[in-house]
Every structure is written in C-alpha cells, then in structure tokens.
Amino acid sequence: MGNNIVQIQPVTRDNWEQALQISLHEHQTHLVPSVMEGLAYAYIKPWDEAFDPFVLELKGQVFGFFYLSYTPESADNYWIGGFQLDRSFQGQGMGKRALRAVIDFIKKEHPLCRVISLTVERDNVTAQRLYTSMSFVSENKTNSDDEVIYRLQVN
C-alpha cells in the first residue's frame, strides 16, 4: 500500500481511543455528531439498521471518522453519517480525498449499493460544497432534524 493512501478501518479496541482524539474547530462541533455519539449509535443502533463505525487513517495516523448506517443487501439505503476530519487535516483538500475513499470503500464492501445518502446541516456551507463537488445532489428535502438530504448515484 502506498504511504499516502487514505485507509479505512473499522473502529476496534486498538484504535477507538485515537478516534476519540479527533477534534474539530469550535464552530464545527454543532454541525456533526461527535465520535462518541457515533460509537454510541453503533452500540444502540437507533435506526433499526446495520451500523458500522470507521476511522480514516493516513500513514497509520487516525485523522477522521464516519459511520455507515444501512440496510444490508439493499440498493438505496446506505447513509454516511458523522463524517469528520481532525482540524489539523482540514483545508488541505483532504476532505475530498477522504470522501473519495469512503465512496470507493462502500462500493467495494456493498456491491449492491446504487445510492449513497447523507444529511448536512443547512448552515454547513463548507460540507455542502464538498459534497456537491463530489457529485452528490441535494434533493432540496430535509429530514426530521431539518438537515438537507444529499444523494449520490453509484454504479
């Protein structure tokens, strides 16, 4: 594996403490569930679905987190949540690289997946820009928390 490849690993007893070290800028903390909340969801499974938490690593260092909430074997019920990068990795184009890795990972692990969805807070313009740059399309619909739903068609 190249040194500069974004690796995706399940959260395990070996890396969960590193995952909890991920820190955001102060103004970002309300925009995304914390890693701790993401791990709680994984344990509780509040949405009646499979729920897998992952870390993003670069050169063996954990720098990001996301979870995948999904209906196994479905075509269109795959939701990326809690996607966040440590603030020391932000603003360097890493969001795009990390998201590309996440999308490729989902396609590989879930070959039946045709649609990947996520939600974004209305005022999180930076994230909205990132997602649209990666071909996610806003449905101009919101969920019960008034977050905007974005979807990506994959093949």
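Start with the largest nonpolar core, which has 36 residues. Leu-56, Ile-80, Phe-83, Tyr-131 and Phe-136 touch the most other members. By core I mean buried Ala, Val, Leu, Ile, Met, Phe, Trp, Tyr and Cys residues joined through side-chain atoms within 4.5 Å; buried is under 20% relative accessible area, with a 1.4 Å probe and protein chains only. Helix 3 supplies the largest share of this core, 8 residues.

A caveat: this is a predicted model, so local features need pLDDT of at least 70 and side-chain atom pairs pLDDT 80 or more, while totals for chains, interfaces and linings use all residues. Numbering runs from 1 along each chain as its sequence is written, and side-chain values use heavy atoms, without hydrogens and water.

Now Ile-80. Leaving out residues up to four places away in sequence, Ile-80 touches, among others, Phe-66, Leu-99, Ile-116 and Phe-136. Contact is heavy atoms within 4.5 Å.

A second, separate core has 11 residues, including Val-11, Ile-22, Phe-65 and Tyr-67.

Next, the space. The largest pocket holds about 1200 Å³. A pocket is an open set of points on a 1 Å grid over the protein atoms alone, where a 1.4 Å probe fits, with protein on both sides within 12 Å along at least five of seven lines; lining residues have an atom within 4 Å of a point. The volume is the space filled by probe spheres set on the points.

Who lines it? The lining has 41 residues, with Leu-31, Val-32, Phe-83, Thr-119 and Tyr-131 nearest the centre. Strand 4 gives the most, 7 residues. By type, the lining splits into 17 nonpolar, 17 polar and 7 charged.

Technical notes
Helix = DSSP H or I, 4+ residues; strand = E, 2+ residues; numbered from the N terminus. Nonpolar A, V, L, I, M, F, W, Y, C, P; charged D, E, K, R; others polar. Buried < 20%, exposed > 50% of the residue type's maximum accessible area, 1.4 Å probe, protein only.
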